[in-house]
Amino acid sequence: MLIDSHAHLDMPHFDTDRDAVIARAREVGVAAILTLGVDGASSQRAVALAQQYEGVFAAVGIHPHEAQHATPEDYKVLMGLARERETNRIIAWGEIGLDYHYDHSPRDVQRREFRRQIRMARELDLPVCIHSREAHDDVLTILDEEHAIDAGVVMHCFSGDELVARRCLDLGFYISFAGPVTFTNARKLPTVVPLVPDARLLIETDAPYLSPHPWRGREHRNEPARVAIIAARLAELKGTSV
Ligand SMILES: [Zn+2]
Ligand SMILES: [Zn+2]
């Protein structure tokens with residue numbers, strides 16, 4: 001049994017064949033898929049998909065790219081959905097975090113909305129799914145200061161080095177690996193994987209993004225079935241079976 005701990009099934013990339021995409025995932029043993037919101041509307045779509053498809057669960061949240069567009073109304077909607085977590089099949093808050101690579105929202109706004117959402121997740125006792133791109137120091141500082149560990153923390157699509165990984169593990173976080181761990185030019189990640197104990201290890205596709213090798217570049221759209229490729233690569237790096 002495999003779990004894709006991070007995907008975006010609501011994206012328009014899947015509009016023409018979503019049923020087939022989810023069926024293919026089941027065929028390779030993917031028993032559960034967590035689909036995450038990136039803004040108010042996609043969070044609502046994530047909840048709708050979780051109700052529509054067996055084995056699909058939802059997370060709601062505002063991505064750092066969208067931080068500057070988040071309104072009080074958005075948060076009211078997300079909190080309302082998350083308070084009905086059982087009915088809405090919501091099991092996490094995210095994705096949230098900081099992205100200093102693209103800087104689609106100003107950094108101070110990203111940090112403010114990140115803190116705000118960690119507090120909401122703690123209030124609701126929902127684990128947080130963290131996006132951290134070229135912002136590891138600030139992400140870890142804020143997660144620590146806001147006591148995010150009380151609710152649980154997953155570092156999604158981990159992109160740090162050994163030092164960052166050790167800090168995350170010391171703080172009690174889970175570490176999730178995506179397609180980049182399979183890239184033939186991956187340098188840091190293969191040395192990070194063996195450091196992460198199985199009990200703290202998650203896998204994900206981040207579909208429709210980040211197709212693993214050998215699809216990187218050739219076929220742009222990723223899908224949850226390919227989480228099996230991530231699992232196989234991690235097993236190889238850990239010298240064990242899937
Ligand atoms: Zn992300
Ligand atoms: Zn994502």
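Helices (H or I, at least four residues) and strands (E, at least two) are DSSP runs, numbered from the N terminus. This is a predicted model, where local features need pLDDT of at least 70 and side-chain atom pairs count only at pLDDT 80 or more, while totals for chains, interfaces and linings use all residues. Residues are numbered from 1 along each chain as its sequence is written, chains are lettered from A and ligands numbered from 1 in the order in which they are written, and side-chain values use heavy atoms, with hydrogens and water left out.

**Stop 1: threonine 205**

Start by selecting threonine 205, in the loop between strand 8 and helix 9. Is threonine 205 buried or exposed? Its relative accessible area is 1%, so threonine 205 is buried. (Buried means under 20% relative accessible area, exposed over 50%, and partly exposed in between, using a 1.4 Å probe and protein chains only.)

Now show its side chain: a polar contact of 2.5 Å links it to the side chain of aspartate 4. (A polar contact is a pair of N or O atoms within 3.5 Å; within protein, one must be able to donate a hydrogen and the other to accept it, and residues adjacent in sequence count only if both atoms are side-chain atoms.) Leaving out residues up to four places away in sequence, threonine 205 touches a list of residues including Asp4, His6, Ala178, Asn222 and Arg226. (Contact means heavy atoms within 4.5 Å.)

**Stop 2: the zinc ion (ligand 2)**

Next, select the zinc ion (ligand 2). Which residues are its protein donors? They are His6 (NE2), His8 (NE2), Glu95 (OE) and Asp206 (OD), at 2.0 to 2.4 Å from the zinc ion. (Donors are N, O and S atoms within 2.8 Å of the metal, or 3.2 Å for Na, K and Ca; water is not among the atoms, so sites may look incomplete.)

Along the chain, these donors follow the spacing H-x1-H-x86-E-x110-D. The angles between the 4 donor atoms run from 89 to 176 degrees, so the arrangement is irregular. (Four donors count as tetrahedral if all angles lie between 85 and 135 degrees; four count as square planar and six as octahedral if opposite donors are over 155 degrees apart and all others between 65 and 115; anything else is irregular.)

Histidine 6 sits in strand 1 (residues 2-7) and aspartate 206 in the loop between strand 8 (201-203) and helix 9 (227-238), so this pair ties together parts that are 200 residues apart in sequence. Histidine 6 and aspartate 206 are both buried.

**Stop 3: the zinc ion (ligand 1)**

Hop across to the zinc ion (ligand 1), 3.5 Å from the zinc ion (ligand 2), with glutamate 95 coordinating both. The protein donors of the zinc ion (ligand 1) are Glu95 (OE), His131 (ND1) and His156 (NE2), lying 2.1 Å from it. Their spacing in sequence is E-x35-H-x24-H. Glutamate 95 lies in strand 4 (residues 90-99) and histidine 156 in the loop between strand 6 (153-155) and helix 7, so the pair ties together parts that are 61 residues apart in sequence. Both glutamate 95 and histidine 156 are buried.

**Stop 4: the nonpolar cores**

Now select Trp93, Leu143, Met155, Phe158 and Phe177: of the 65 residues in the largest nonpolar core, these touch the most other members. A second, separate core has 5 residues, among them Leu34, Ala59, Ala92 and Cys129. (A nonpolar core is a set of buried Ala, Val, Leu, Ile, Met, Phe, Trp, Tyr and Cys residues joined through side-chain atoms within 4.5 Å.)

**Stop 5: helix 3**

Pick methionine 79, found in helix 3. Methionine 79 counts as buried, at 10% relative accessibility. Setting aside residues up to four places away in sequence, methionine 79 touches Trp93, Met120, Glu123 and Leu124.

In helix 3 (residues 72-83), glutamate 73 and lysine 76 are 3 residues apart, about one helical turn. Their side chains meet in a salt bridge (3.8 Å, N to O). (A salt bridge is a side-chain nitrogen of Lys or Arg within 4 Å of a carboxyl oxygen of Asp or Glu.) Glutamate 73 is partly exposed at 47% relative accessible area, while lysine 76 is exposed at 60%.

Finish with the salt bridge between glutamate 123 and arginine 83, whose closest N and O atoms are 3.1 Å apart. Glutamate 123 lies in helix 5 (residues 107-124) and arginine 83 in helix 3, so the pair ties together parts that are 40 residues apart in sequence. Glutamate 123 and arginine 83 are both exposed.
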